[in-house]
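Thanks for coming. I have one structure to go through today, so let me put the sequence and the model on the screen.

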There are 2 protein chains.
Amino acid sequence: MAKRALTSATKKSDTREKILQAAFKAFHEKGYNGTSIQDIIEAAKVPKASSYNHFKSKQQLAIEVLDLYVKIVQESMQGPEEASPIELLRIYFEQSIHQHKEWGFETGCMIGNFAAEISNSEKVLRAFVVRAFDSWAKAIEDVLAKAQDKGELPATQSPKELASYILNSYHGAVLRGKLTRDRIPYDQFLTNTFDYLLKPAEVSHNPRAKLKKKR
Amino acid sequence: MAKRALTSATKKSDTREKILQAAFKAFHEKGYNGTSIQDIIEAAKVPKASSYNHFKSKQQLAIEVLDLYVKIVQESMQGPEEASPIELLRIYFEQSIHQHKEWGFETGCMIGNFAAEISNSEKVLRAFVVRAFDSWAKAIEDVLAKAQDKGELPATQSPKELASYILNSYHGAVLRGKLTRDRIPYDQFLTNTFDYLLKPAEVSHNPRAKLKKKR
DNA sequence: TATGATAATATGACCAGTCGTACAATAGCA
DNA sequence: TGCTATTGTACGACTGGTCATATTATCATA
C-alpha cells in the first residue's frame with residue numbers, strides 16, 4: 001500500500017513538480033510581473049495547458065511557490081539544540097547568507113522581492129506576503145524572548161520590536177546585496193546586529209575593548 | 001525677454017512633463033513591469049506616440065523617472081545649517097518618513113522597489129539603481145564622518161560601513177512598511193538607529209542602567 | 001520685421017508578438 | 001466503462017514600439 005501510494009504520488013506530481021520548480025526559479029529571478037507562464041512552461045518543458053491543469057491561475061501558482069519558499073526558510077530556522085538562542089539566531093542568518101551566496105547574490109529574497117513588487121491590486125498575493133513576514137518575525141521574536149529569559153540579552157526592548165527591526169534590517173541587506181552581488185551588506189548586517197545590538201548586558205558596548213569572540 | 005523665455009519653457013515641456021509625472025506615479029505604485037506605457041499615457045492624457053516622441057523606450061522613461069526621484073531624495077537631504085550631524089541625519093529620516101506617510105505607506109521607496117524587481121536583463125536600469133544606492137550611502141557616510149570628527153559618535157566603526165548598514169536597514173523598514181501600511185517599522189528603525197546604534201560614546205549603551213558604570 | 005528652411009513635436013493608425021486563460025478532444029489508468 | 005490528467009489550439013486583450021503625416025517652434029538671413 002505504501003509502495004503504491006509512493007509510486008502514485010511521484011508519478012502523479014511529476015508534471016506538477018516540474019512546473020513548480022521552474023516557476024520557483026523564474027519568479028525568484030525575474031519577479032512576478034517579470035515572469036510569464038510562457039517562461040515557466042518552456043523551462044519546465046511541459047505544454048502550456050498543463051499549467052492550468054494544476055494551478056488555476058498565475059497568482060495561485062505564485063502563491064504555491066511562495067509557500068514553498070517560506071517552508072524552506074522556516075526549515076532552515078532550526079538549529080542545534082544545545083546552542084544558545086543568540087548563537088542559534090546567528091547560525092540561522094549565516095545559513096541564510098550561505099544560501100544567498102549559492103544563488104550568486106543575484107536573486108535576493110523572494111518574499112522581499114514580492115513585497116516590493118506587489119501592488120494593491122493583487123490582494124491574495126499581498127495578504128500571503130504579509131503573513132509570511134509576520135510569521136518570520138514571530139520566529140525571531142521567540143528566540144529573542146528566550147535569550148532574555150536566559151539573561152543573554154538585556155531587556156531594554158521588547159523582543160517583538162527588536163525582532164521586527166532585525167528582520168527588516170536583514171531584508172534591507174539582502175536587497176542591497178542583490179545590487180552589490182557580494183556579501184558585504186550581509187556582513188555589515190551581522191556585525192551591527194550581533195556585535196552591537198545583541199551584545200550581552202554585562203559586556204561593554206565598545207567592541208574595541210578586547211573581547212574574545214569565537215569564530 | 002525673460003518673459004518670452006519663461007513662456008517658451010513652460011509651453012515646450014508640457015506634454016513631456018505630463019508623461020513624466022504620470023510615469024512617476026505609475027512606476028512608484030505598480031513597479032516597472034507592472035506599469036505599461038498604456039497606463040502612463042492614459043493617465044497623462046496624451047497619445048501613445050507622444051511618449052516615444054520624448055522618451056526612446058520604456059526603460060529610458062523609467063530611468064528619467066528614477067533620476068527625478070533621486071533628485072527629490074537628495075534635495076530633502078539638506079537640513080538646517082546649525083544642526084549637529086546626527087541631528088541632521090535624524091531630521092532627514094523623519095522628513096523621509098513624513099513623505100512616505102503622505103504616500104499612505106503604500107508605495108515604498110521607488111529605488112528599493114526597482115532594486116527588488118529589476119533582473120539581470122535590464123542592464124542600464126540596474127546600473128542606475130546601483131549608482132543611486134551608492135551615492136545615497138555616500139551622503140550618509142559624509143554626515144557620519146563629520147559626527148565622528150566632532151566627537152558625537154564613537155569611532156568604533158568606519159563611517160562607510162555604518163552608513164551602508166543604516167541605509168540598508170532603512171530600506172528594510174520601508175519595505176516592511178509597505179506591507180504593514182503604518183509607520184511602526186519606521187519607528188523601530190529610528191529607535192534602534194538613533195537610541196542604540198548612534199548613541200554618543202560617553203552615554204551608556206543600556207538606557208535602563210542609570211549610567212552606573214560610567215567613566 | 002518678415003521670410004523661409006529646418007528641426008522638433010503631435011497624433012492616429014497600426015504592427016507583430018505575447019499575455020493569461022479557456023476548452024474540447026484525447027490518452028491512460030481504474 | 002468511467003474518470004481524471006493531458007494537451008493542441010485558439011481566444012481576445014494587451015504588450016512595447018513604429019510610421020507617415022500634420023502641426024508648430026526655432027532661428028539665421030534678407
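At roughly what angle do the axes of helix α5 and helix α7 of chain A cross? This is a predicted model, and in it the crossing is at roughly 150°, with the two axes coming within 8 Å. Helix α5 of chain A covers residues 85–102, and helix α7 of chain A covers residues 123–149. Angles over 145 degrees count as roughly antiparallel, so α5(A) is roughly antiparallel to α7(A).

Which residues make that contact? From α5(A) they are A:P85, A:I86, A:L88 and A:L89. From α7(A) they are A:I140, A:V143, A:K146 and A:A147. Sorted by class, that gives seven nonpolar residues, one charged residue and no polar ones.

Now chain A as a whole. Its secondary structure consists of nine helices and zero strands. Chain A has 215 residues, and 36% of them are buried. Taking the contacts in chain A with a separation of 6 or more, 60% are between residues 24 or more positions apart.

Next, the two chains together. On the chain B side, 42 residues are in contact with 43 residues of chain A. Helices of chain B that each supply at least two residues to this side include α2 (14–30), α8 (123–149) and α10 (184–197). Which helix gives the most? That is α9(B), with 13 residues; α9 of chain B spans 159–180. By class, the side of chain B that touches chain A has 18 polar, 16 nonpolar and eight charged residues.

That is what I have for today.

Notes. Residues are numbered from 1 along each chain as its sequence is written. Chains are lettered from A and ligands numbered from 1 in the order in which they are written. This is a predicted model: local features need pLDDT of at least 70, side-chain atom pairs count only at pLDDT 80 or more; totals for chains, interfaces and linings use all residues. Helices (H or I, at least four residues) and strands (E, at least two) are DSSP runs, numbered from the N terminus. A residue is buried if 20 or more other C-beta atoms lie within 10 Å of its own, exposed if 12 or fewer, and partly exposed in between; C-beta atoms are placed from the backbone. Two residues are in contact if their C-beta atoms, placed from the backbone, lie within 7 Å. Axes are lines fitted to C-alpha atoms, for helices over the stretch in contact, and angles run from 0 to 180 degrees between N-to-C directions. Angles under 35 degrees count as roughly parallel, over 145 as roughly antiparallel, 65 to 115 as roughly perpendicular and the rest as oblique. Ala, Val, Leu, Ile, Met, Phe, Trp, Tyr, Cys and Pro count as nonpolar, Asp, Glu, Lys and Arg as charged, and the others, Gly among them, as polar.
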